[in-house]
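Hi,

Here is the structure I promised to pass on. Have a look, and my notes follow below.

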Amino acid sequence: MTILLQVLINGVLFGTMYGIAAIGLSLVFGTMRIIFLAQGSMIVLFAYLTYWLFTLLGIDPYVCILISVPVAFMVGLGLFYTLFKDAAAIEDKNVSLLLAVGLMYMVDNLMLTFWTANPRFAATSYASYTIRIGDVNISFVRLMALVIALLAAFVVFYFLKRTRLGTAVRAASADMQAVKLLGISSNWVMAVAFGIGIGLAGLAGVVMASVYSFDPNYGFTFALKALVALALGGIGNVWGALSAGLILGVIESLGAYYIGAGWADAISYAVFILVLIFMPNGIFGGRAAVKKV
Amino acid sequence: MKALYRRLGHKGLISLGIIVAALAALGTLPFWLDVDASYTGYYLFITCVYLTVAQGWNLIAGYTGQISLGTHAFFGLGAYTMAGLWLNGIGLYFFFDVTLMVVAGIAPAIVASIIGLLLLSRLKGDYLSFGTLGLAQIVYVLFVKGGKITGGANGIYLDASYFSSMRVYYWVALLVAVLATLAVWLLTRSSFGLALKAIREDDISAASHGVNVLKYKVLAFAMSAFLAGLAGSIYGYYLFHLEPASVFNMNWLFYPILMVVLGGTGTIIGPVIGSLICSALFAYGDIYFGGYHPIFSGFLIILVMRFMPGGIMGLVSKAPALWRKKEGAVATTTPE
Amino acid sequence: MASPLLEVRNLSVSYGDVRALFGVSLTVEEGLIVALVGSNGAGKSTLLKAVSGLIYPTEGEILFEGEDLGRTSIRHRVNKGIVQVPEGRRLFPNLTVHENLKLGAYLPRTRAGYKDSLERVFSLFPVLRERQNGKAGLLSGGEQQMLAIGRAVMAQPRLIMIDEASLGLSPILTMAIFDLITTLHQQGTTILMIEQNVNMALKHCNKAYVMSTGHIVMSGTGEELLANEELRKAYLGRRAVTGNQGSGS
């Protein structure tokens, strides 16, 4: 029983990163109708930034958030205006998809050349602290990851619900043309959504570097997991995306414990395909990620 | 000759002449160039393997407008099917067995049909991409974790003593690539191709005009998987040692995509040009830049999609339109 | 007569090789309701899109208060006070009524008078006040049209361009919407409206233009055109046959 509880808690804590990444994907998909497959690569890239800031300059990973997230936001704006602006305007979404694929492939291989495939980890003094509640051990950094994810989800939720620009972002995911007719710059709306999406990747990167040892090959896996979480949670639902990430973490954690570590990936993809086939609206029944034919 | 001229016209006859000449030159190449000693032999062999995969991807992406991201799974499945059958003594038991190769294509085609039916019957094509990507990762894990059946992460070994000369490889790969290109060309010119194009433009309208959208999408997808599997079997004969990390490598997904988009998606010559160029880049990239060339490949995909999403063929066909644009302004949608 | 607020001179628009407008000219004077009528594909919506900046013309000029709009952005035009109520309403169904209205006053110029504009919309359409926290997608067809017009009013427009306000509405609701448009006009907003319901449009306007296959074929006051035998045959007669279906050009 204790073991099961421990496995469940580990799963929830591991799922936080999927959740953060899925919120980002959801924002980008909502406004631009593209699946940003390079999200995972961006997370790993910012994990390396955190790792560098920590090992070279001795900056604490949680302080790095103040640097990483704004930098990631700017990178997002830059990527949008240099690469995705024109592609977002055309009907054929395959162009944007392939742009993201190209970006992912380039960034992954750049990191592989730059940092090699050796796993890295921001080994802070508190990385191994655990908090003991009853018989269950909870790692401090993992708990922090959950807190950060919840805060991030709240901030994004507040932005979307309570600010004028956030309302425009939500409106844009329903009808971009109508948004334009109100005099609102569609490019700015998309750029901000994209910037926040990458900003969240920056945040997830900090979490990754502080909790796990990672290598460049994580990027692709993470993009896929975030996508699974997105499909589970349904589009346009911040809390849905976050919860789906946590659920995915639990599924993987259970799978790894009861079936075997190497199978965790296969299980989450199987869940993904099953959800795509049987519950295209996601498990929370929100707006469909995909329109039925 | 006159009848041929009447059918093809001036341009068609010239194209036909160029194709015949090129095929004759490529077909007889091993007689005047030592393909074993020269790097060109390997280069052209691998180009043909890529081209076969690329034409399959082109069929589904270029002609139905859907992106499959499971090509590497079908490629690897093809290679493993061939190797598994060979090791178990099934087939006629000789090198480059046609039956084995065809079965190696059919196996992934069946998998593709099943996943295609499941995904495409309920969802619009956008998510086919991600379903196939998920499927590919599952297949990879199955092969790594397959224990004795698949040889696990170490893979399986074939009898390498069959290798005699690159000549056989070259001819087989060339023949298959030419047949694949021809098959895709014929398919797209048939009523099948017309249906695919209708689906690409507007699947709802196609459906309302009596086109069985699902059937055509799944068929195109299965055909694409068949070609990937076929190419996989040829590459399997070349490797003799199959391991998940090599035959399920993501490069078997990304490189063919790059070749198609660089050459021009939805054109028949585009992938040919794309694979010749890209293979050369990779081959010489390997020699001069060591392991860096994947970075350039990614960069190249970005450049092509950013500045010429129609690929090289797109530029060729757009050239006259650009010329005309200067004469009179055309109503443009405003950026904002 | 008042000075022209909007002046379209010799406007031509092409979509690729297809020409949609052939040298169209019209003027909308300050304080008038001007109707633009004609059958499907006559080029009415194209004209509106050119004025709001969704498409750029190939030839001709669009002047607003004497300023050539040229290739300026939609944002610039909304800032000048040109606001379009698009065909099919194009509301944001997942947003609340209030959020839809809030987006209408998105530009900095309109934010200052936000409270007043909101009050104005609510007094014009009291039902929107009642349902302000409900999702826009849950409103009835008539209420959605009111919200679409209300959203445009939030932008504090000098000129509202309404595309097919009566589309898909019952005759009673159509009358109600036209009454509201009249009220809006009486409050001082200049209106340019596109209508397939020629009869209603001509009854409610000060001036009307009749379009056919990309040309303006007739113009005059509403009464003049209503009395015109040729027009009655060409448009009003056919309307009775085609009914209220189909979308604008």
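How many residues does the contact take from chain C and from chain A? The answer is 21 residues from chain C and 21 residues from chain A, where contact means heavy atoms within 4.5 Å.

Before going further, some ground rules. This is a predicted model, so local features need pLDDT of at least 70 and side-chain atom pairs count only at pLDDT 80 or more, while totals for chains, interfaces and linings use all residues. Residues are numbered from 1 along each chain as its sequence is written, chains are lettered from A and ligands numbered from 1 in the order in which they are written, and side-chain values use heavy atoms, with hydrogens and water left out.

Back to the interface. The size of an interface is often given as the accessible area lost when the parts come together. Between chain C and chain A, the buried area is about 2000 Å², with 65% of that from carbon and sulfur atoms (the accessible area, 1.4 Å probe, that two parts lose on being put together, summed over both).

The rule finds 2 salt bridges across this interface (a side-chain nitrogen of Lys or Arg within 4 Å of a carboxyl oxygen of Asp or Glu). Arg170(A) forms a salt bridge with Glu99(C), and the closest N and O atoms are 2.6 Å apart. On the chain C side that touches chain A, α2 (74-80) and α3 (97-104) each supply at least two residues. The largest share, 4 residues, comes from α3(C). (Helices are DSSP runs of H or I, at least four residues, and strands are runs of E, at least two, numbered from the N terminus.)

Now for the backbone. Most residues other than glycine have a negative phi. Arg33(A) has a positive phi, near 60°, and lies in the loop between α1 (2-32) and α2 (39-57) of chain A. Glu164(C) also has a positive phi, near 55°, in the loop between β7 (159-163) and α8 (171-186) of chain C. Are they buried or exposed? Arg33(A) is partly exposed, with a relative accessible area of 32%, whereas Glu164(C) counts as buried at 2% (buried is under 20% relative accessible area, exposed over 50%, partly exposed in between; 1.4 Å probe, protein chains only).

Finally, the inside. The largest nonpolar core has 256 residues, of which Phe36(A) and Phe84(A) touch the most other members (a core is a set of buried Ala, Val, Leu, Ile, Met, Phe, Trp, Tyr and Cys residues joined through side-chain atoms within 4.5 Å). Helix α8 (residues 186-211) of chain A gives the largest share of this core, 17 residues.

Cheers
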